[in-house]
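Good morning, everyone. Let's look inside a protein today. Please bring up the model.

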Amino acid sequence: MNPNLVGDRAAMGLPDAFVQRGSPEPLGPHRDLLTASTAGLTAVATAPHEPYDRRHAAATVLGLLGDPRIRVLDPEMADVPAARVTVGLPPERVAEVVGRWREAGVLEEWIAKECPAHQVDVSAFRIARHPVTNSEYRAFLQDTGGTWLPRPWPFGVYPRELSNHPVWGIGPQAADAYAHWLSRCTGRRFRLPSEVEWEYAASGGDGREYPWGETFGPDRANTVEAGPLTTTPVGIYPGGRSPFGLDDVAGNVEEFVADDYRPYPGGTPAPDDLLRTRGSYRVARGGSFTRYGDLARCRRRHGWYDKPIYVIGFRLAETP
């Protein structure tokens with residue numbers, strides 16, 4: 001089943017009937033959080049020992065009060081050292097990966113884009129702990145008068161209750177413009193990460209399949225398997241953090257990077273849906289709340305296709 005040839009609910013493995021994920025009253029059992037300090041709420045939202053529902057509730061309250069983790073002009077960054085890293089997938093592993101995710105509709109040409117594995121020298125860089133949020137993107141629009149309105153903002157209205165959720169539904173040009181704006185405002189050199197930088201930061205450079213290890217864990221990322229079927233506040237899946245401390249690299253929203261698709265050195269163009277219908281396209285990385293865990297793999301290369309289940313935002317990098 002190619003998910004691009006069926007309806008969105010079918011592509012997500014959902015029936016036509018209503019599906020309830022999570023509590024219908026997310027704050028009901030956690031009313032004590034309504035009087036907690038922002039420091040206390042932050043501690044709960046990011047604590048590995050707290051259950052998911054409580055982490056989500058704490059981060060929801062934080063979003064309404066003003067999340068101290070979201071700093072528009074000084075986003076929290078992780079330092080990534082220079083290294084020679086191996087990126088990509090050995091060709092002999094394509095069949096294995098396709099077989100593991102066949103029920104999710106994964107096709108061979110999608111995974112073939114990851115081949116071959118090759119080494120790349122990467123200079124030291126910095127990368128944001130979390131994807132850019134609605135509140136950060138709102139500041140950009142207000143300051144610039146920009147017209148790149150996110151598709152999920154109804155009638156262009158800022159969803160204040162989702163202030164600390166990742167922004168999505170914008171094009172790569174808007175993401176580039178945001179990085180340019182923030183660089184101008186701060187005097188720093190923000191940009192989108194390259195594909196190689198993103199994969200290195202997500203995997204730690206040791207070739208692991210997911211940011212946390214080799215086996216997919218539906219409780220470690222906001223994907224369609226067990227997630228709430230909508231975005232979540234950033235940073236509430238501490239079990240899914242990358243070795244460099246990045247949040248949400250495996251789920252929540254996909255992320256545009258700086259590069260357009262091209263075959264890896266020694267590879268050939270993979271004639272998938274995107275190449276056939278769009279020709280040149282900007283690569284996206286990471287999974288999302290609408291997609292299966294195959295998209296959460298560190299090596300997975302994909303991009304925007306004209307269907308609502310393609311939920312793409314972005315994360316900043318910085319040149320030191």
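How many cavities of 30 Å³ or more does the structure hold? Three. Keep in mind that this is a predicted model.

Start with the largest cavity. It holds about 110 Å³ of space. Its lining is made of 14 residues. Find Trp110, Leu274, Arg300, His302 and Tyr310: these are the closest to its centre. Which elements give two or more residues to that lining? They are α9, residues 273-278, and β8, residues 302-303. Now sort the lining by class.

Next, the second largest cavity. Here we have about 70 Å³ of space. The lining counts 13 residues. Nearest the centre lie Pro3, Ala104, Arg291, Tyr292 and Asp294. What classes do we find in this lining? Nine residues are nonpolar, three are charged and one is polar.

Go to α8, residues 195-203. Why do we call α8 largely enclosed by the rest of the structure? Because nine of its nine residues are buried. Buried means under 20% relative accessible area. Walk along the helix with me. Glu195, Val196, Glu197, Trp198 and Glu199 are buried. Tyr200, Ala201, Ala202 and Ser203 are buried too. Here is a general point about helices. An α-helix has 3.6 residues a turn, so residues three or four places apart point the same way.

One last stop. What follows α8? Gly204 does, and its phi is positive, near 80°.

That's my tour. Thank you.

Methods:
Residues are numbered from 1 along each chain as its sequence is written. This is a predicted model: local features need pLDDT of at least 70, side-chain atom pairs count only at pLDDT 80 or more; totals for chains, interfaces and linings use all residues. Side-chain values use heavy atoms; hydrogens and water are left out. On a 1 Å grid over the protein atoms alone, a cavity is a set of points where a 1.4 Å probe fits but cannot get out, and a pocket is an open set with protein on both sides within 12 Å along at least five of seven lines; lining residues have an atom within 4 Å of a point. Grid points are joined across faces, edges and corners, and a volume is the space filled by probe spheres set on the points. Helices (H or I, at least four residues) and strands (E, at least two) are DSSP runs, numbered from the N terminus. Ala, Val, Leu, Ile, Met, Phe, Trp, Tyr, Cys and Pro count as nonpolar, Asp, Glu, Lys and Arg as charged, and the others, Gly among them, as polar. Buried means under 20% relative accessible area, exposed over 50%, partly exposed in between (1.4 Å probe, protein chains only).
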